[in-house]
Amino acid sequence: MKFATFTASGDTFFGAITDQGAIALNDDFPNHTSLFEVIAAGAFDQLSTAAEGKPVTHTDFAYEMVMPDARRILCVGVNFPDRNAEYKDGSTQPQYMSLFPRFASGFTGHNRPLIRPPENHTLDYEGEVAIVIGKAGRRIAQADAYDHIAALTLCNEGTIRDWVRHAKFNVTQGKNWDKSGAIGPWLVPFADAAQLDEARIQTHVNGELRQDDTLNRMMFPIRREIEYISTFMTLQPGDVIITGTPTGAGARFDPPKYLIPGDVVEVSASGIGTLRNTVEDEQP
């Protein structure tokens with residue numbers, strides 16, 4: 001079963017997504033106002049039970065960023081061997097992973113536009129799998145890492161490329177433009193290691209395959225990401241880790257293929273689904 005945040009007739013709901021439509025579950029969780037709160041309370045497993053046998057409540061709805069109130073979103077950068085080579089700096093695989101924060105305001109939902117700002121037109125795409133932590137932990141061993149994952153989702157980690165070069169030691173300002181990326185369409189419960197170990201991530205732009213790789217080729221596998229991050233911070237339910245993008249982002253073409261209004265970007269992963277977004281210029 002899949003779970004999403006969606007709006008209908010001006011109201012926001014969370015619930016299950018079926019082939020027939022959405023099943024709002026807000027009334028079943030009166031003490032929680034969002035998917036994030038359900039996960040933070042350790043009640044994510046109860047969503048499937050609550051949705052079982054219920055009729056569809058909405059057939060006309062719009063997806064929101066899957067957890068618009070997520071408090072902590074960490075991204076792993078340059079995590080595929082070919083991505084490291086793209087930088088053409090002669091470096092070998094690094095000993096430690098690159099990390100940077102993103103904030104929920106920088107993301108929109110499935111079937112909504114990514115926003116290109118007037119200040120800079122180097123909007124780029126990065127297709128990734130994201131994991132949502134379901135059980136708190138500090139100094140988590142790799143062997144136990146998957147036990148701490150509640151769900152999987154997809155991310156287009158949209159980036160304003162020129163702005164990641166504004167300073168020497170960070171990329172934060174290029175990674176957090178309002179609604180420059182997307183997370184969704186939904187959360188898929190994590191129940192089997194094969195959901196990650198055998199997953200393939202692909203990104204299409206206007207139907208053209210731009211990114212295509214398997215998660216088992218990551219320089220820092222997801223088990224290692226959880227181990228490393230939980231060394232310096234206690235991972236909490238509801239934390240999101242965006243795990244890394246393959247080679248093929250627009251900036252690496254010659255000339256670069258940045259996103260322009262009218263483009264359609266689709267990020268897909270086996271067992272999760274497809275996150276689709278258009279591109280629009282920011283309106284004054």
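## The nonpolar cores

The largest nonpolar core here has 51 residues, and the ones with the most contacts inside it are I131, I149, L196, L215, I222 and I226. (A nonpolar core is a set of buried Ala, Val, Leu, Ile, Met, Phe, Trp, Tyr and Cys residues joined through side-chain atoms within 4.5 Å.) Take I149: leaving out residues up to four places away in sequence, I149 touches I131, V132, G134, F190, L196, I222 and I226, where contact means heavy atoms within 4.5 Å. There is also a second, separate core of 33 residues, which includes F3, L47, F100 and A104. In soluble globular proteins, nonpolar side chains tend to be buried together.

A word on the source: this is a predicted model, in which local features need pLDDT of at least 70 and side-chain atom pairs count only at pLDDT 80 or more, while totals for chains, interfaces and linings use all residues. Residues are numbered from 1 along each chain as its sequence is written, and side-chain values use heavy atoms, with hydrogens and water left out.

## Salt bridges

Searching the whole structure turns up 15 salt bridges, each being a side-chain nitrogen of Lys or Arg within 4 Å of a carboxyl oxygen of Asp or Glu. Six residues, R102, D124, E126, E157, R161 and K175, are tied together in a network of such bridges.

Now for some individual pairs, with their accessibility (buried means under 20% relative accessible area, exposed over 50%, partly exposed in between, with a 1.4 Å probe and protein chains only). R165 pairs with D162, with 3.0 Å between the closest N and O atoms; R165 is exposed at 51%, while D162 is partly exposed at 32%. R217 and D213 meet at 2.7 Å, N to O. R217 is partly exposed at 32%, but D213 is buried, at 7%.

K257 and E208 also form a salt bridge, their closest N and O atoms being 3.6 Å apart. This one links distant parts of the chain: K257 sits in the loop between β16 (240-242) and β17 (264-269), E208 belongs to strand β15 (residues 208-214), and the two are 49 residues apart. (Strands are DSSP runs of E, at least two residues, numbered from the N terminus.) K257 is partly exposed at 32%, and so is E208, at 35%.

## Cavities

The search finds two cavities of 30 Å³ or more. On a 1 Å grid over the protein atoms alone, a cavity is a set of points where a 1.4 Å probe fits but cannot get out; a pocket is an open set with protein on both sides within 12 Å along at least five of seven lines; and lining residues have an atom within 4 Å of a point. Volume is the space filled by probe spheres set on the points.

The largest cavity holds about 40 Å³, and its lining is M65, V66, M67, A70, I73, V132, T153, I183 and V240. The second largest cavity, about 30 Å³, is lined by R72, I73, L74, M233, L235, D239, V240 and I241.

Notes. Helices (H or I, at least four residues) and strands (E, at least two) are DSSP runs, numbered from the N terminus.
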